[in-house]
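Biologist: I would like to learn how to read a fold from its coordinates. Where do we begin?

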Amino acid sequence: LAPDHLELLATRAGILLSMGNRLEEAKDDYARIVELAQPESRRQATALLNLGRTCLKLNDAEQAREYFQNALEIDQNSGVFTADERSEIAKILDAS
């Protein structure tokens with residue numbers, strides 16, 4: 001598979017995020033997905049959501065907030081998130 005294969009990147013990023021000790025690599029993979037994904041797509045919005053989650057684990061709340069807000073903008077335009085995903089983002093933004 002090509003190194004820019006979106007499914008491969010998403011799978012790898014998810015594994016790296018769950019490992020907890022390779023967060024910078026997960027962040028890089030999610031950022032690459034944002035670049036490669038169709039603009040305003042669910043894939044791009046989900047990558048932004050996961051970038052926010054990753055930044056929170058890296059103790060970068062300011063950057064996380066920016067990613068969450070960008071993800072919500074896509075959702076407001078395209079309706080890509082589930083109610084649970086919207087709720088998760090809202091709780092995080094309200095807490096910060």
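Modeller: Begin with the nonpolar core: a set of buried Ala, Val, Leu, Ile, Met, Phe, Trp, Tyr and Cys residues joined through side-chain atoms within 4.5 Å. Buried means under 20% relative accessible area, exposed over 50%, and partly exposed in between (1.4 Å probe, protein chains only). This is a predicted model: local features need pLDDT of at least 70, side-chain atom pairs count only at pLDDT 80 or more, and totals for chains, interfaces and linings use all residues. Residues are numbered from 1 along each chain as its sequence is written, and side-chain values use heavy atoms, with hydrogens and water left out.

Biologist: Which residues touch the most other members of the largest nonpolar core?

Modeller: In general, nonpolar side chains tend to be buried together in soluble globular proteins. Here the largest core has 25 residues, and Y30, L48, L51, F68, F81 and I89 touch the most other members. The elements giving two or more residues to this core are α1, α2, α3, α4 and α5. Helices are DSSP runs of H or I, at least four residues, and strands are runs of E, at least two, numbered from the N terminus.

Biologist: What is Y30 in contact with, neighbours within four places in sequence aside?

Modeller: Contact means heavy atoms within 4.5 Å. For Y30 the list is A13, G14, L17, A47, N50, L51 and T54.

Biologist: Which residues of α5 are buried?

Modeller: E85, I89 and L93. They cover an arc of only 65° around the axis, so they lie on the same side of α5. The arc is that of the directions from the helix axis to the C-beta atoms. The face turned away from that buried side carries the exposed A83, D84, K91, D94 and A95. The buried residues of α5 pack against α3 and α4.

Biologist: Where is E40, and what is its phi?

Modeller: Most residues other than glycine have a negative phi. E40, in the loop between α2 and α3, has a positive phi of about 65°. At 36% relative accessibility, E40 is partly exposed.

Biologist: Is N59 buried or exposed?

Modeller: N59 is exposed, at a relative accessible area of 71%. N59 sits in the loop between α3 and α4, and its phi is positive, near 60°.
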